[in-house]
Amino acid sequence: MHLTKLEERTLEGEHGWANQIAMKILVKLGDLFGATKLIPVQSAHLSGVSYKHMGDGAIEFLNELADKGGRAQIQATLNPSSFDPEYLVKRYTKERFGKQERILASYGKMMIQPTLTCTPYYIQKPQAGQHLAWAESSAVVYANSVLKAWTNREGSPSALAAAIIGKTPNYGLHQAENRKPNALVKIEARMKTETDYGILGIHLGKLLKDKAPNLVGLQGSDDELKQLGAAMASSGMTAIFHTMAHRGKEKLESFSVEAKDMKEAAASLNTSDQNPDLVFVGCPHCSEREIKAIANLLRGRKVRKDLEMWVCTSRHVKERRQNYVDTIERAGAHVLCDTCVLVSWIKDLGFNTVMTNSAKTAFYAPTLNDAEARLAPLKKCIQTASNP
Ligand code: F3S
């Protein structure tokens, strides 16, 4: 990989240990994937925030990087942490709180914004064609497919390195030829709810692995495509999809999705028929439209006493939709910022069965939360969680 004189000096350690480490990560990655140079990125979005998933070793590394001068050169944002500072924080041990705080303090020292959301695109929307270095898989698919920005699916270290250097190696989805569809998918099944898009995503992720499919003519709202992408990136490695009419003459590998495929995928996401003790919406974090829809469905209803309902969103969206948030909270649901079910320890809070409208949550809950999952559209989730 060609490096400029300045980049070479950074690699040799002339600009400090933290910059050297960051440059080493980028060069290693670039060499591995055949990049020819580093290119500037508009923003970095970092995963590797929740203490639940990070563990103790990472805390020391981040601390050292911050102490030795690691500083973000570009706009850099953070994924959710293990709890919010208002509700869940009171229910976990002081030790866990302390460890999570140390992680956030290190990122703070590195000038990385504590956005603590997986939907950074609601705070600042990237422009089409901008190069990014994002690490949250659901946000990566959304950025590439819906917003038409250009990002690889970064890991925590490479997104952090890109934040510090302000650049990323020019391989993968930073190259136009790798963004073109290499598979065609005809959706024969009827798509009725946001949950159907998530179920489709789980099926396609397993079927297509890391392909860049064109889901020919699929029409969904941005929120529905958000569910589709989040789910595809959970069961597979997809980082981009298209929804164009197919006019190309090129012969591409073709697939079709029928009602029976959707039925099978849905069955795999429902691991229990027990009553839920937690109803959760907001994976990925809710948009303003979704907050409004939840408020309208909950208006005049009360969350049942024998369960909890959590609605997760970003602080940004919550502040912009405070009136709807008040309606949701008056009904007895908790609107939580900075966190979500998968990155917190819900088993320790006594929750065994999660009902959700998110196929991503249903896919991971049995392994990451040791909990049973029930997948249902938003309307059904709210009917189950509350009484008139
Ligand atoms: Fe976001 Fe948590 Fe889902 S980080 S994508 S709400 S698993």
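Student: Where is the place of D273?

Tutor: D273 is in the loop between helix 10 (259–269) and strand 10; helices (H or I, at least four residues) and strands (E, at least two) are DSSP runs, numbered from the N terminus. The model is predicted, so local features need pLDDT of at least 70 and side-chain atom pairs count only at pLDDT 80 or more, while totals for chains, interfaces and linings use all residues. Residues are numbered from 1 along each chain as its sequence is written, and side-chain values use heavy atoms, with hydrogens and water left out.

Student: Is D273 buried or exposed?

Tutor: D273 counts as exposed because its relative accessibility is 70%. Buried means under 20% relative accessible area, exposed over 50%, and partly exposed in between (1.4 Å probe, protein chains only).

Student: What separates the C-alpha atoms of D273 and R374?

Tutor: A distance of 7.2 Å, although D273 and R374 are 101 residues apart along the chain.

Student: Turning to the ligand, which residues surround it?

Tutor: The ligand is surrounded by P80, C118, E136, S138, G282, C283, P284, C340, L342 and K360; a residue is near a molecule if one of its heavy atoms lies within 4 Å of it.

Student: How do the residues of that shell divide?

Tutor: Six are nonpolar, two polar and two charged. Ala, Val, Leu, Ile, Met, Phe, Trp, Tyr, Cys and Pro count as nonpolar, Asp, Glu, Lys and Arg as charged, and the others, Gly among them, as polar.

Student: Which strand gives the most to the shell?

Tutor: Strand 10 (residues 278–286) does, with three residues. At least three residues of the shell come from each of domain 1 (5–176) and domain 3 (270–387), where the bounds come from an automatic or database domain assignment.

Student: And S50, where does that lie?

Tutor: S50 lies in the loop between strand 2 (43–46) and helix 3 (51–67). At 4% relative accessibility, S50 counts as buried.

Student: What is S50 in contact with, leaving aside its neighbours within four places in sequence?

Tutor: S50 is in contact (heavy atoms within 4.5 Å) with P80, S81, S82, Q100 and V343. P80 also belongs to the residues that surround the ligand.

Student: Why is helix 6 largely enclosed by the rest of the structure?

Tutor: Eight of the 10 residues of helix 6 (residues 156–165) are buried, so the helix is largely enclosed. Among them are S158, L160 and I165. Helix 6 is followed by G166, whose phi is positive, near 80 degrees.
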